[in-house]
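Let us walk through a protein model together, one step at a time. Keep the sequence and the 3D view open while you read.

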Amino acid sequence: MTTTPLTRYDRSMLRLMNDRRGRPLYATAARRRSVVAAHLVLTAAVSALMAYSSLTEGKPIWAAVAMVVLLLPWMVATGAINAATRGLLELRGRALDERQLAERARVQARAHRIMTLLLAATAAGLLIAGATVGHALTGYTAPALIAVLALHWLMPLWVAGLTAQDEPAEDDTPAA
């Protein structure tokens with residue numbers, strides 16, 4: 001089997017994803033869960049602001065400003081999750097070893113199962129609400145579908161962040 005050599009981009013991304021300077025943010029499972037939870041809350045807040053903006057008539061500027069302000073910590077949390085997983089989902093396949101490729105497949109399979117359940121629940125909720133309320137839900141359908149699309153896009157990242165293993169402790173004792 002021949003492997004494709006890493007490009008300059010691949011080597012640059014590999015270095016970036018393995019940079020340990022941000023390690024205190026995600027060194028333990030509890031910290032990784034906190035970062036994933038913060039990312040989830042920030043995603044929900046930005047999604048809620050987008051939905052609010054699309055459903056209101058005046059298009060308030062404060063909602064757009066709040067979204068922009070929330071995007072900076074959202075990007076930091078995204079970077080922390082990517083670094084915690086060592087770029088499991090961001091790196092090209094040729095930059096990952098067999099163990100990482102298998103882990104990527106497991107994460108994507110688990111995220112797919114979760115998203116299937118969420119999509120089914122969303123579809124059922126929209127159908128039930130549509131049957132009971134009628135056409136009054138038409139304005140809510142697009143924001144709901146955009147939120148589900150965001151979940152679909154981010155679920156593998158959250159699953160990877162939640163399932164990432166702690167790194168082995170560095171042994172500072174000299175060998176005898």
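Begin with helix 2 (residues 29-55) and helix 5 (residues 138-163), whose axes lie 10 Å apart and pack at an angle of about 165°. Helices here are DSSP runs of H or I with at least four residues, while strands are runs of E with at least two, and both are numbered from the N terminus. Two packed helices are described by the angle between their axes and the distance between the axes. Each axis is a line fitted to C-alpha atoms, for helices over the stretch in contact, and angles run from 0 to 180 degrees between N-to-C directions. Helix 2 and helix 5 are therefore roughly antiparallel; that word is used for angles over 145 degrees, with under 35 counting as roughly parallel, 65 to 115 as roughly perpendicular and the rest as oblique.

Before we go on, note that this is a predicted model, in which local features need pLDDT of at least 70 and side-chain atom pairs count only at pLDDT 80 or more, while totals for chains, interfaces and linings use all residues. Residues are numbered from 1 along each chain as its sequence is written, and side-chain values use heavy atoms, with hydrogens and water left out.

Back to our pair: helix 2 passes helix 5 in a right-handed crossing. A crossing is right-handed if the near helix is turned clockwise from the far one by less than a right angle, and left-handed if anticlockwise.

Now turn to another neighbour of helix 2. The axes of helix 2 and helix 3 come within 9 Å and cross at roughly 155°, which makes helix 2 roughly antiparallel to helix 3. Their crossing is left-handed, and the contact of helix 2 with helix 3 has 20 nonpolar residues, four polar ones and one charged.

What kind of aromatic pair do Tyr52 and Trp62 form? The pair is tilted, at 5.5 Å centre to centre and 40° between the planes. Rings of Phe, Tyr and Trp (its six-membered ring) pair if their centres lie within 6.5 Å, and planes under 30 degrees apart count as stacked, over 60 as edge-to-face and the rest as tilted. Because Tyr52 lies in helix 2 and Trp62 in helix 3, the pair ties together parts that are 10 residues apart in sequence. Tyr52 is partly exposed at 38% relative accessibility, and Trp62 is partly exposed at 48%. Buried means under 20% relative accessible area, exposed over 50%, and partly exposed in between (1.4 Å probe, protein chains only).

Further along helix 3 (residues 61-84) you will find Val68, which is exposed, with a relative accessible area of 58%. The C-alpha atoms of Val68 and Val46 are separated by 8.7 Å, and these residues are 22 apart along the chain.

Next, look at the loop between helix 3 and helix 4 (98-133), where Arg86 is found. Most residues other than glycine have a negative phi. Arg86 has a positive phi of about 55° although it is not a glycine.

Note on methods: Nonpolar A, V, L, I, M, F, W, Y, C, P; charged D, E, K, R; others polar.
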